[in-house]
Amino acid sequence: MHPAELVLPLFVREGVSEPLPLGSMPGILQHSIDSLRRTAAEAAEAGVGGVMLFGVPEVRDATGSASCRTDGILNVATEAVAAEVGDAIVVQTDLCLDEFTDHGHCGVLDASGAVDNDATLVIYREMALAQARAGSQVLGLSGMMDGQVAAVRDALDGEGFHDTVIMAYSAKYASAFYGPFREAVDSQLTGDRRSYQLDPGNRREGLREAITDIEEGADIVMVKPAMSYLDVLADVAAASDVPVWAYQVSGEYSMIEAAAAHGWIDRNRAIEESLVGIKRAGADAILTYWATEVAGWLK
Ligand code: PBG
């Protein structure tokens, strides 16, 4: 394992001047723009390969309109981080509406309250352009709408962003392990995402989604969560001709931290073993909240 194979997810909150701690993810913060910049610079210094930015807006609406605006928190933060460390680390952004909608779903809703796949794609295209213009080098398409990779690739190419990379959360399962993340982004969601995320019992569909995304033009495909889906990760790694990433999600982080805080497991060994397992299953890179710390150990 090499530090450059690790990607650090970071949360940035609109309207705060000091970072705020997260109760469900000890050690992880909702950043101000300033602390975000500093934290990204520390990651770059440690040799971490990338930062994945998530925005927490002050105001939400039904269509998540702040996601597409130049002055939306994620786009402002991307510009700030790209200016600070854009040459030293790969600046990446979450391309999804859930942080920006007042109902918390990853897409817009139709009259019946169901997620409207194709109306969402229209917004994703605009969001992709806003993120690329702000300086994001890798767009993390995490919304699980059908056709999202093809739609975003078409929008980017149409505006000359041929080199902006699409990292598709291809095999994203409807998981309980995203629990702590919901606090991290102040999620407004009631209910679940089972109509668009994958069924945990379905192994083949994870592979099929990855292959579809590669055909649509994904530059990187991802499996998420990591630990409970290592079989899917191995399947995708064996079949993919593009890099395969895995996301060690919030619940995976918090479980190890909580057990370690009780003295029930050896924290550092457990962290290392969890990452080695993900790498062994076939991940070329791993999103992990421990990226900077582990990069320090590897150095
Ligand atoms: C959606 C998104 C989620 C995560 C990353 N992107 C939440 C979800 O799908 O419910 C979860 C990450 C984590 O749990 O660490 N924008």
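Q: What lies 3.3 Å from a nitrogen atom of the ligand?

A: That is a polar side-chain atom of Glu99; please keep in mind that this is a predicted model, with local features reported where pLDDT is at least 70.

Q: And which side chain has an N or O atom 2.6 Å from an oxygen atom of the ligand?

A: The side chain of Arg182 does, and, on the nitrogen side, an N or O atom in the side chain of Lys224 is 3.2 Å from a nitrogen atom of the ligand.

Q: How many residues are around the ligand, and which come nearest?

A: There are 17 residues around the ligand, and those that come nearest are Asp98, Lys172, Arg182, Lys224 and Tyr289.

Q: Staying with Lys224, what kind of peptide bond joins Lys224 and Pro225?

A: The bond joining Lys224 to Pro225 is a cis peptide bond, with omega at about -10 degrees, and Pro225 itself has its place in the loop between strand E8 (220-224) and helix H7.

Q: Which residues lie nearest the centre of the largest cavity?

A: Out of 17 lining residues, Asp98, Lys172, Tyr178, Phe181 and Lys224 lie nearest the centre of the largest cavity, and by class the lining divides into seven nonpolar, three polar and seven charged residues.

Q: What about the largest pocket, how much space lies in it?

A: About 290 Å³ lies in the largest pocket, which has a lining of 19 residues, with Leu8, Gly27, Ile28, Thr39 and Tyr289 nearest its centre. Tyr289 is also listed among the residues that come nearest to the ligand.

Q: Which element gives the most to the lining of the largest pocket?

A: Strand E1 gives the most, with four residues, while the elements that each supply at least two residues are strand E1 (6-13), strand E3 (29-31), helix H1 (33-45), helix H8 (250-261) and helix H10 (291-298). By class, that lining has eleven nonpolar, four polar and four charged residues.

Q: And where is the centre of the second largest pocket, in terms of residues?

A: The residues nearest the centre of the second largest pocket are Val115, Met144, Met145, Ser195 and Tyr196, from a lining of 16 residues. About 200 Å³ of space lies in the second largest pocket, and its lining divides into seven nonpolar, five polar and four charged residues.

Q: Changing topic to helix packing, at what angle do H7 and H9 cross?

A: The axes of helix H7 (residues 230-239) and helix H9 (residues 267-281) cross at roughly 35 degrees and come within 8 Å. On the H7 side the contact is made by Leu230, Leu233, Ala234 and Ala237, and on the H9 side by Gly277, Ile278 and Ala281. By class, this contact has six nonpolar residues, one polar residue and no charged residues.

Q: Which residues is Asp235 in contact with, leaving aside neighbours within four places in sequence?

A: Asp235, which is found in helix H7, is then in contact with Arg203 and Leu207. As for Tyr169, its C-alpha is 15 Å in space from that of Asp235, and the two residues are 66 residues apart in sequence.

Note on methods
Residues numbered from 1 in each chain as written. Predicted model: local features only at pLDDT ≥ 70, side-chain atom pairs only at ≥ 80, totals over all residues. Heavy atoms only, no water. Axes fitted to C-alpha atoms, helices over the stretch in contact; angles between N-to-C directions. Contact = heavy atoms within 4.5 Å. Nonpolar A, V, L, I, M, F, W, Y, C, P; charged D, E, K, R; others polar. 1 Å grid on protein atoms, 1.4 Å probe; cavity = no way out; pocket = protein on both sides within 12 Å on 5 of 7 lines; lining within 4 Å. Points joined across faces, edges and corners; volume = space filled by probe spheres on them. Near = heavy atom within 4 Å. Polar contact = N/O pair within 3.5 Å; in protein donor to acceptor, adjacent residues only side chain to side chain.
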